[in-house]
Amino acid sequence: MTRSSSASVEQEKIVGIAKENISDFVNHFDCIQSNKKHGRRRGRKKDSDKNTNTQQYTSMLNRYILDNISYKLDAGLSKSDMQSAATVSDYLMLRVYQGLSRQRERIGDEEAYEQFVREATLKAVDDGWVELIDYLEQLKYAVAGRASAQRNVMFEYQNEAFESFLDTEKAVKCNIIRNILLSDVKIGKDGRLQVIYP
């Protein structure tokens with residue numbers, strides 16, 4: 001496999017992870033919007049309710065961008081665009097592509113960029129793994145106390161450990177994209193990559 005084809009595979013994987021993260025956020029975002037819509041009484045909506053909801057959605061979207069994609073906000077989406085999950089997803093993916101291009105330009109060298117992506121990914125996996133191991137160690141002691149309540153300790157441990165694994169997997173995917181998009185990256189005078197992670 002040539003260097004350019006392996007780089008495009010890596011890029012496809014990163015974009016795939018970003019799409020998955022955004023899909024999770026947009027589904028949660030959409031769920032909040034639909035719950036608020038269905039929770040209202042029938043009749044006319046007050047304009048102040050519409051404005052408050054739009055402000056809340058805008059605030060949630062901006063917080064997601066600042067925490068996961070970019071430290072800079074732009075004009076964003078119009079009120080009508082906020083109603084479409086597909087439009088919100090497309091907008092966030094556009095911001096991801098812009099962030100990837102910005103990091104690639106900042107680094108300048110394709111080989112160094114690929115190295116940065118690998119290191120950022122490895123850091124996210126390593127941090128997630130350390131947290132999971134720590135949690136599982138604590139879980140052993142927490143579940144052991146349930147034996148006196150005549151519960152199946154092994155079954156409870158396995159269930160909670162599996163749930164924790166799934167949560168960690170999501171957190172690692174979020175942190176991979178955060179590390180790639182939000183890190184301060186430059187190449188030092190010695191030619192080495194210097195990264196400050198978020």
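Of the 35 residues in the largest nonpolar core, those touching the most other members are Leu61, Leu92, Val96, Leu100, Phe116, Ile176 and Ile180. A nonpolar core is here a set of buried Ala, Val, Leu, Ile, Met, Phe, Trp, Tyr and Cys residues joined through side-chain atoms within 4.5 Å. Buried means under 20% relative accessible area, exposed over 50%, and partly exposed in between (1.4 Å probe, protein chains only). Two or more residues of this core come from each of α1, α2, α3 (85–107), α4 (110–144) and α5, and α1 supplies the largest share, 8 residues. Another core, of 5 residues, lies apart from it and includes Leu136, Leu139, Val143 and Ala161.

The structure is a predicted model, in which local features need pLDDT of at least 70 and side-chain atom pairs count only at pLDDT 80 or more, while totals for chains, interfaces and linings use all residues. Residues are numbered from 1 along each chain as its sequence is written, and side-chain values use heavy atoms, with hydrogens and water left out.

The protein chain contains 5 helices and 2 strands, in the order α-α-α-α-α-β-β from the N terminus. Helices (H or I, at least four residues) and strands (E, at least two) are DSSP runs, numbered from the N terminus. Of the 198 residues in the chain, 31% are buried. The accessible surface of the chain is about 12900 Å², with 52% belonging to carbon and sulfur atoms; the areas come from the Shrake-Rupley method with a 1.4 Å probe, and for residues only the protein chains shown count as cover.

Contact means heavy atoms within 4.5 Å. Among contacts between residues at least 6 apart in sequence, 69% join residues at least 24 apart. Leaving out residues up to four places away in sequence, Leu100 touches Gln11, Ile14, Val15, Tyr113, Ile180 and Leu181.

A search of the whole structure gave 2 cavities of 30 Å³ or more. A cavity is a set of points, on a 1 Å grid over the protein atoms alone, where a 1.4 Å probe fits but cannot get out; lining residues have an atom within 4 Å of a point. Grid points are joined across faces, edges and corners, and a volume is the space filled by probe spheres set on the points. The largest cavity has a volume of about 40 Å³ and is lined by Ala18, Asn21, Ile22, Tyr64, Asn68, Ile69, Val96, Cys174 and Ile177. Elements giving two or more residues to this lining are α1 (3–39), α2 (47–68) and α5 (153–182), and α1 gives the most, with 3 residues. The lining has 7 nonpolar, 2 polar and no charged residues, where Ala, Val, Leu, Ile, Met, Phe, Trp, Tyr, Cys and Pro count as nonpolar, Asp, Glu, Lys and Arg as charged, and the others, Gly among them, as polar.

Glu20 lies in helix α1 and counts as partly exposed because its relative accessibility is 37%. Glu20 and Cys174 are 154 residues apart in sequence, and their C-alpha atoms are 9.1 Å apart in space. Thr58, in helix α2, has a relative accessible area of 29% and is therefore partly exposed. Thr58 and Leu77 are 19 residues apart in sequence and 8.3 Å apart in space, C-alpha to C-alpha.

Methods: On a 1 Å grid over the protein atoms alone, a cavity is a set of points where a 1.4 Å probe fits but cannot get out, and a pocket is an open set with protein on both sides within 12 Å along at least five of seven lines; lining residues have an atom within 4 Å of a point.
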